[in-house]
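I opened the model to look up a few strands and rings. My entries follow below.

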Amino acid sequence: QVQLVESGGGLVQAGGSLRLSCAASTFSTYAMGWFRQAPGKEREFVAVIRWSGGSTYYADSVKGRFTISRDNAKNTVYLQMNSLKPEDTAVYYCAAGRSVLTLRVEGGDYWGQGTQVTVSS
């Protein structure tokens with residue numbers, strides 16, 4: 001079992017920045033990712049990072065604006081979000097998965113409780 005706890009969400013104006021954090025009870029060799037779900041929409045993939053940190057992948061909608069990183073010594077994964085847009089408003093979820101591919105395609109084996117990000121125009 002892996003427990004994931006997100007933090008760092010909040011209210012920000014368009015063009016602003018936020019950094020989300022996800023503390024894991026254990027990292028092992030899990031790939032880690034971020035997903036989001038806006039009101040009335042399905043949960044969607046945002047970003048994923050390999051357990052070694054060597055490879056990252058992003059949804060086209062956030063590429064160039066968001067950066068995923070991890071600190072394996074702290075069992076923590078981050079999502080730096082810059083140039084935020086109102087359409088980025090959603091609950092953001094951290095997830096752990098067996099591999100980058102399974103995390104992107106099937107979703108996580110473990111999920112956090114989510115943190116709200118609201119971007120005002």
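**Charges over rings**

I counted a charge as sitting over a ring if NZ of Lys or CZ of Arg is within 6 Å of the ring centre and within 35 degrees of the ring normal. R43 also lies over the face of W111, at 3.8 Å from the ring centre.

**Conditions**

The model is predicted, so I kept local features at pLDDT of at least 70 and side-chain atom pairs at pLDDT 80 or more, while totals for chains, interfaces and linings use all residues. Residues are numbered from 1 along each chain as its sequence is written, and side-chain values use heavy atoms, without hydrogens and water.

**Aromatic rings**

How many aromatic pairs does a search of the whole structure find? I got 3 aromatic pairs. The rings of F35 and F45 are edge-to-face, because their centres are 5.9 Å apart and their planes stand at 75°. Rings of Phe, Tyr and Trp (its six-membered ring) pair if their centres lie within 6.5 Å; planes under 30 degrees apart count as stacked, over 60 as edge-to-face and the rest as tilted. F35 is in strand β4 (residues 31-37) and F45 in strand β5 (residues 44-49), 10 residues apart. Strands (E, at least two residues) are DSSP runs, numbered from the N terminus. Both F35 and F45 are buried, meaning under 20% relative accessible area with a 1.4 Å probe, protein chains only. With W111, F35 and F45 form one aromatic cluster.

Conventions: Helix = DSSP H or I, 4+ residues; strand = E, 2+ residues; numbered from the N terminus. Buried < 20%, exposed > 50% of the residue type's maximum accessible area, 1.4 Å probe, protein only.
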